[in-house]
Amino acid sequence: MFRRMACLSLLLLLGSCHKAEPEHVSHASHSNEPPDIAWFDGSLDGAFVVAKRENRPVLIYWGAEWCPFCHTLKSTVFSRPDFIAKAKLFLPVYLDGDDEGAQRWGEIFHIQGYPTLIIFDPDRREIMRLGAGRDVAQYAAALDVALENVQPVDALLQAAANGKALSLEECRRLAYNSWELDTLESTSFASQANALAAASNGCPQDAMLERAALVMYAAFYEANAEGAVLDQPHAQPSAMLAGLQDQIDQLLGQPEMALKCADALAMLDDSFLTSVRARGSTLSDRVRDHYAAVMSAASNDPRYALADQLNFIDAQLRVLTELGKPKTPLPKDVVANAHRRIDAALTAEQNPFVRSGLVNASLDILEDLGDLQGAYAIAHAEIGRASAPYYYKADLAEIAEKMGRKDEALTLLDEAYRESQGAATRFQWGALYVSGLLRMAPKDSQRIADAGSAVLAELDGPDRIYRRARVRLERMDRELRAWNDAARGTHQDVLQGLHSRMQTICVKIPDGDAARASCEAFLKSA
């Protein structure tokens with residue numbers, strides 16, 4: 001779903017409050033910017049200059065104005081006294097995906113998903129990255145762990161993969177790191193899984209939580225590495241993946257221990273559940289029941305933000321559906337509890353920033369329950385009060401499409417694109433609109449041509465075609481080619497016109513810049 005897409009960002013200004021630094025330029029203001037953290041007032045380059053002089057690590061917050069997960073993190077973690085106190089030991093930098101130069105920095109630091117917290121040493125080597133959805137007290141603890149050992153996390157993982165025995169502190173650093181946020185190519189998933197499994201084996205025997213977290217990260221990557229194979233009839237997971245599944249099965253049989261790992265368990269996606277189902281009902285039924293029980297317990301655990309508690313309910317529904325018997329309805333008490341929790345959360349919370357994460361999770365739950373009318377009503381009501389209403393118009397469009405209301409869905413996607421703000425955000429919402437046209441109005445070639453040209457124009461500017469935009473540009477390329485192929489080549493003129501429009505953008509990008517190659521590849525030879 002659109003809401004499950006992750007996020008990216010950055011600031012490129014100059015200056016600071018110290019005399020010997022680059023020329024001062026105030027950083028851009030953002031909605032819901034946490035006021036109790038002394039964000040660096042200058043560029044990222046300037047921040048590293050200061051960090052090196054003061055021998056302080058840099059803490060980068062990477063998010064977006066429209067991102068519900070970002071607002072949840074800012075409202076529940078950045079306001080905590082323990083996190084505020086620890087942040088003073090770092091040089092904190094607030095970076096938004098629509099700020100000038102953000103996409104280029106995303107390419108440099110290999111970041112894509114919103115929100116991401118990244119810790120660097122003064123020499124720009126990454127120490128650790130953290131995502132959303134954790135025990136809220138764990139963020140301050142993770143900053144402590146990063147201060148204790150500034151060895152780059154990738155180097156530590158590689159050492160573990162090479163057989164290094166890890167100390168408890170090293171193991172904890174690896175377990176705290178949000179490996180799912182790495183921007184790896186799918187061809188690297190298997191090697192990443194092997195490294196994470198080796199790290200788990202290299203941890204001390206008494207580091208049970210850390211070992212378990214690393215096993216789950218390994219299973220996440222290995223299941224995705226084998227995804228295409230496991231989609232085939234009668235396919236079985238590899239011996240390695242089966243071994244990881246068995247370890248997770250054992251963990252799930254220990255409810256108290258599993259609850260402490262609920263955030264990592266919730267990360268396991270449909271590829272993992274598919275791999276479990278492939279091994280037969282004995283394992284899949286046991287995993288389903290134990291996993292659902294852990295997610296139910298986590299949904300009432302005050303260590304997690306309320307939005308994350310609702311996300312645990314959605315994870316419970318997902319496993320009951322994916323590993324349940326075909327055509328078996330969800331348990332009535334589970335369904336009733338989901339509705340009750342949604343109603344209570346949305347009635348109690350009226351702050352639009354805190355509320356955005358609750359609405360986001362509620363829509364996921366209701367759609368997974370098949371309650372499209374309920375999801376539609378919530379999304380529609382939220383448009384009038386949201387800080388970024390275009391976000392919910394895209395949600396509403398998705399729901400309307402599922403309800404068979406294509407004209408309404410396309411109108412909403414068009415409005416969401418027109419109302420969106422910021423270069424990176426406008427291209428993202430524009431790409432959603434073009435994709436919707438290709439699905440729901442494939443015969444309206446003129447409308448598709450006009451929309452495609454307008455959306456490509458969002459890339460006409462400096463530092464626009466990098467990691468986050470590039471992924472969407474490549475997807476648009478595939479969708480347009482498939483649309484033309486389905487019509488037996490009758491839309492060739494549209495593709496050629498869009499390719500020509502893109503070339504007017506490409507010529508402005510310097511030769512040798514990675515963005516130039518991505519630009520020129522769009523609909524090439526189409």
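Predicted model: local features only at pLDDT ≥ 70, side-chain atom pairs only at ≥ 80, totals over all residues.
**View 1. Disulfides of the chain.** The structure contains three disulfides. Counted along the chain, the bonded cysteines pair in the pattern 1-2, 3-4, 5-6. In general terms, such a link is a covalent bond between the sulfur atoms of two cysteines. The next three views show the individual pairs.

**View 2. The disulfide of C67 and C70.** The sulfur atoms of C67 and C70 lie 2.5 Å apart, and the two residues form a disulfide. A disulfide is assigned to cysteine sulfur atoms within 2.5 Å. The torsion about the S-S bond is 85°, and the link of C67 and C70 is right-handed. C67 and C70 are both buried.

**View 3. The disulfide of C171 and C203.** C171 is joined to C203 with a sulfur-to-sulfur distance of 1.8 Å. The disulfide of C171 and C203 is right-handed because the torsion about its S-S bond is about 95°. This pair connects distant parts of the chain, 32 residues apart: C171 belongs to helix α7 (residues 168-176), whereas C203 sits in the loop between α8 (189-202) and α9 (208-225). Both cysteines, C171 and C203, are buried.

**View 4. The disulfide of C506 and C519.** A disulfide with an S to S distance of 2.0 Å joins C506 to C519. The link of C506 and C519 is left-handed, with -95° about the S-S bond. Since C506 lies in helix α25 and C519 in helix α26 (residues 514-521), the pair ties together parts of the chain that are 13 residues apart in sequence. C506 has a relative accessibility of 0% and therefore counts as buried. C519 is likewise buried, its relative accessible area being 0%.

View 5. Which cysteine sulfur is closest to the sulfur of C261? The closest is that of C171, at 11 Å, which is too far for a bond. With a relative accessible area of 4%, C261 is buried.

**View 6. Contact between helices α24 and α25.** Helix α24 (residues 467-486) and helix α25 (residues 492-506) have axes that come within 9 Å and cross at roughly 155°. The two helices, α24 and α25, are therefore roughly antiparallel. The crossing of α24 past α25 is left-handed. On the α24 side, the contact involves L473, L480, R481, W483 and N484, which meet Q492, V494, L495, L498 and M502 of α25. By class, the residues in the contact of α24 with α25 comprise seven nonpolar, two polar and one charged.

**View 7. Contact between helices α11 and α14.** The axes of helix α11 (residues 239-252) and helix α14 (residues 270-277) approach within 11 Å, with a crossing angle of roughly 95°. Helix α11 is thus roughly perpendicular to α14. In this contact, L241, Q245 and I248 of α11 meet F272, S275 and V276 of α14. The contact of α11 with α14 is made up of four nonpolar and two polar residues, with no charged residues.

How values were computed
Residues numbered from 1 in each chain as written. Heavy atoms only, no water. Axes fitted to C-alpha atoms, helices over the stretch in contact; angles between N-to-C directions. Helix = DSSP H or I, 4+ residues; strand = E, 2+ residues; numbered from the N terminus. Parallel < 35°, antiparallel > 145°, perpendicular 65-115°, else oblique. Left-handed = near helix turned anticlockwise from the far one by under 90°. Contact = heavy atoms within 4.5 Å. Nonpolar A, V, L, I, M, F, W, Y, C, P; charged D, E, K, R; others polar. Buried < 20%, exposed > 50% of the residue type's maximum accessible area, 1.4 Å probe, protein only.
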